[in-house]
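Student: I would like to learn how to read the packing of helices and a few other features in a protein model. Could we go through them one at a time?

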Amino acid sequence: MKKILVVDDRVGVLKIIGRFLCGKNLDVSLSDSPGKALRLCERMRFDLVISDFDLGEGTGIELICKIRKTQPKIKTILMSGNFNFDEEMIKTERIDAFLRKPFDAEKLREVIGRIFDG
């Protein structure tokens, strides 16, 4: 079973993504702040972190960099509704996928499947 951490400062978004991933042989943890996410990462190892870009208390990229200090092989998906990502930045920060909000459940599952399958 793959362990996934989803981070977004909007609780409604977390609940929707949690429902998207429910019952898909995934162990999903939700966090509404970077601080909580880092505390979860101290206690658990995750296979994938899905983070919003704008977290209020920082960016998803900053969070991913901090998580990678203890979990260097973690896979990553960055999501945003208003961030114009730069391909070079995505490569530099080793972001595995980018999702533009809003997205549907099938798109999320497809991206996760692609990350884990290869």
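This is a predicted model: local features need pLDDT of at least 70, side-chain atom pairs count only at pLDDT 80 or more; totals for chains, interfaces and linings use all residues.

Student: Which charged end sits over the ring of Phe-116?

Tutor: It is the charged end of Lys-2, which lies 4.9 Å from the centre of that ring.

Student: How is the packing of two helices described?

Tutor: Two packed helices are described by the angle between their axes and by the distance between those axes. Here, helix α1 (residues 11-21) packs against helix α5 (residues 105-117) at an angle of about 65°, and their axes are 10 Å apart. That angle makes α1 roughly perpendicular to α5, and the crossing of the two is right-handed. On the α1 side the contact is made by Ile-17, Phe-20 and Leu-21, while α5 brings Ala-105, Leu-108, Arg-109 and Ile-112. By class, these residues are six nonpolar, no polar and one charged.

Student: At what angle do α2 and α3 pack?

Tutor: Helix α2 (residues 34-43) and helix α3 (residues 60-68) pack at about 20°, with their axes 10 Å apart, and they are therefore roughly parallel to each other. Their contact involves Pro-34, Ala-37, Leu-38 and Cys-41 of α2, together with Leu-63, Lys-66 and Ile-67 of α3.

Student: Where is the cis peptide bond?

Tutor: In general, most peptide bonds are trans. In this model, however, a cis peptide bond joins Lys-101 and Pro-102, with omega about -5°, and Pro-102 belongs to the loop between β5 (97-100) and α5.

Conventions
Residues are numbered from 1 along each chain as its sequence is written. Side-chain values use heavy atoms; hydrogens and water are left out. Axes are lines fitted to C-alpha atoms, for helices over the stretch in contact, and angles run from 0 to 180 degrees between N-to-C directions. Helices (H or I, at least four residues) and strands (E, at least two) are DSSP runs, numbered from the N terminus. Angles under 35 degrees count as roughly parallel, over 145 as roughly antiparallel, 65 to 115 as roughly perpendicular and the rest as oblique. A crossing is left-handed if the near helix is turned anticlockwise from the far one by less than a right angle, and right-handed if clockwise. Contact means heavy atoms within 4.5 Å. Ala, Val, Leu, Ile, Met, Phe, Trp, Tyr, Cys and Pro count as nonpolar, Asp, Glu, Lys and Arg as charged, and the others, Gly among them, as polar. A charge sits over a ring if NZ of Lys or CZ of Arg is within 6 Å of the ring centre and within 35 degrees of the ring normal.
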